[in-house]
Amino acid sequence: MSTAKILWVDDEIQLLKPHMLFLEKKNYEVVPCTNGADAVQSVNDDTYDIVFLDENMPGLSGLETLTEIKIKHPNLPVIMITKSEEEYIMEEAIGSKIADYLIKPVNPNQILLSLKKNLDNTRLVSEKTTSNYQQEFRKISLDLAMVNTYEDWVALYKKLLHWEIQLESISDIGMTEILESQKEEANSQFFKFIKNNYGDWFHGEGNPILSHKLFKDVIVPQLDKENGTLMVLLDNLRYDQLMVLEPIINEYYKTVAETSFWSILPTATQYARNAIFSGLTPLDMEKKYPNYWKNDTDEGGKNLYENEFLTEQIKRLNLDISHEYYKITSLAGGRDLANNFAKIKNNDLTVIVYNFVDMLSHSRTEMDMIKELASDDKAYRSLTVSWFKNSPLFEMIQKAQQMGLKLIITTDHGTINTKRPSKVVGDKSISSNLRYKTGKSLSYNDKEVYEVKNPKDIYLPTIHMSSSFIFAKEDFFFAYPNNYNHFVKYYKNTYQHGGISLEEMIIPCMTFEPK
């Protein structure tokens, strides 16, 4: 490891000789400097890894020196050292983006800790993270062999996501590849679990919360009638994406509850999101509200009546609340609602469906630029964070916090990066989704799908008397034999939903209280 070079600026530098000798024994090179003007000249003439800067010096003060250094070297870490504990000096220094702030007298170990935090942080974090994951790897493997309940699956999936997010900050590709293989094995086991258990979850007690139970069982008990509640449904949002958005939201809101619920099959918007707002299974929606429900092959939009479904559910639950519903499908629509956000202040419940993540994942299929920007899950998370920080939705959340609204953020289903094609054949009426198919005379590889010959068994309507459903497992996507190679090349490594995977089915609902 190369020697780090330190510029130490202090008008009483001779008194710090023991500290400098201590650091030199630790393999650091220390260059002394007695005033701000010389320090500015020195960083312009030479290369340093970090600067120790005394705040109280004759001539150029520490803060003035800091400003001069940062103008030409904005990325050079500067550690401010001062006798003063006055708040305005701390605020000035922190506002100028110092790397650390130490109060005199400092001892050698304080100096060493600050150096390691700023110079060796990446290496130390990487080594510790890798070591911790190596220790956890065997436990996850044992968990995979033992998992047999839906609660176990939620815990295992969240553990995998925790390590995935931790490992993305280090440069150990080997560890990342090992985790990816664990996720693949988990999805293989998860598919078998769903095939064996999903049909039973619509009957009896002790089952996971499915889409059509979310509003009644999770949302309603948390409504704040006194201050109002803002419910945001970010469609097509994965658990890992909300996990990386949570710290940004926590600047304004504290997390008070988190529920993991399960998207119904198909994990697609017209089924899962309509189920959330109606409080009904797709089969019951078709029976009770034939004017609102549309099957896959019907003409027209499939999610045009979410507010009507929600209104009917509120009536059915005898809730004495006022509510409004907004669907945002464009940047202009988001800006308009953000600019007029005060109009919702008298609602007991305001629901916003935000379509951006869905548009992003679909546009990624269509646009080469988006494919480059979101080439894998790490990049997809990063792109989501970048969008969120600059979105009208984030502005609305800040305004909601100022208004004292409770905040609930959820989704309708997740999405998975599809990598392997699975051939399927059917007649002209077969549905178009790449992760599930419904229709008659379907031909497919039965090892790669979950087949439901009688859709009513899992509370789905049928297009024809002989229609069945098939759901793709793991990271498979359905492809037709006609023009097969072109189709596979076009859709491989794109984000899709509708099938069976941890990413699509296990999804979050988080509740926040304003800070």
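Predicted model: local features only at pLDDT ≥ 70, side-chain atom pairs only at ≥ 80, totals over all residues.
Now the wider count. Searching the whole structure gives 32 aromatic pairs. Take one of them, phenylalanine 202 with tyrosine 459. The ring centres are 5.0 Å apart and the planes meet at 25°. Under 30 degrees counts as stacked, so this pair is stacked.

Where do the two partners sit? They come from distant parts of the chain, 257 residues apart. Phenylalanine 202 is in the loop between α8 (173–197) and α9 (214–219). Tyrosine 459 is in the loop between β15 (449–452) and β16 (468–472).

Buried or exposed? Phenylalanine 202 has a relative accessible area of 17%, so it is buried. Tyrosine 459 has 22%, so it is partly exposed. The cut-off for buried is under 20%.

Next pair: phenylalanine 277 and tyrosine 325. This one is edge-to-face. Centre to centre, 5.9 Å; between the planes, 90°. Phenylalanine 277 belongs to helix α11, residues 269–278. Tyrosine 325 belongs to strand β8, residues 323–328. So the pair ties together parts 48 residues apart in sequence. Both phenylalanine 277 and tyrosine 325 are buried.

Last, charges over rings. Lysine 5 has its charged end over the ring of tyrosine 48, 5.2 Å from the ring centre. Lysine 423 lies over the face of tyrosine 484, with 4.7 Å to the ring centre.

Conventions
Residues numbered from 1 in each chain as written. Heavy atoms only, no water. Phe/Tyr/Trp six-rings, centres within 6.5 Å; stacked < 30°, edge-to-face > 60°. Helix = DSSP H or I, 4+ residues; strand = E, 2+ residues; numbered from the N terminus. Buried < 20%, exposed > 50% of the residue type's maximum accessible area, 1.4 Å probe, protein only. Lys NZ or Arg CZ within 6 Å of the ring centre and 35° of its normal.
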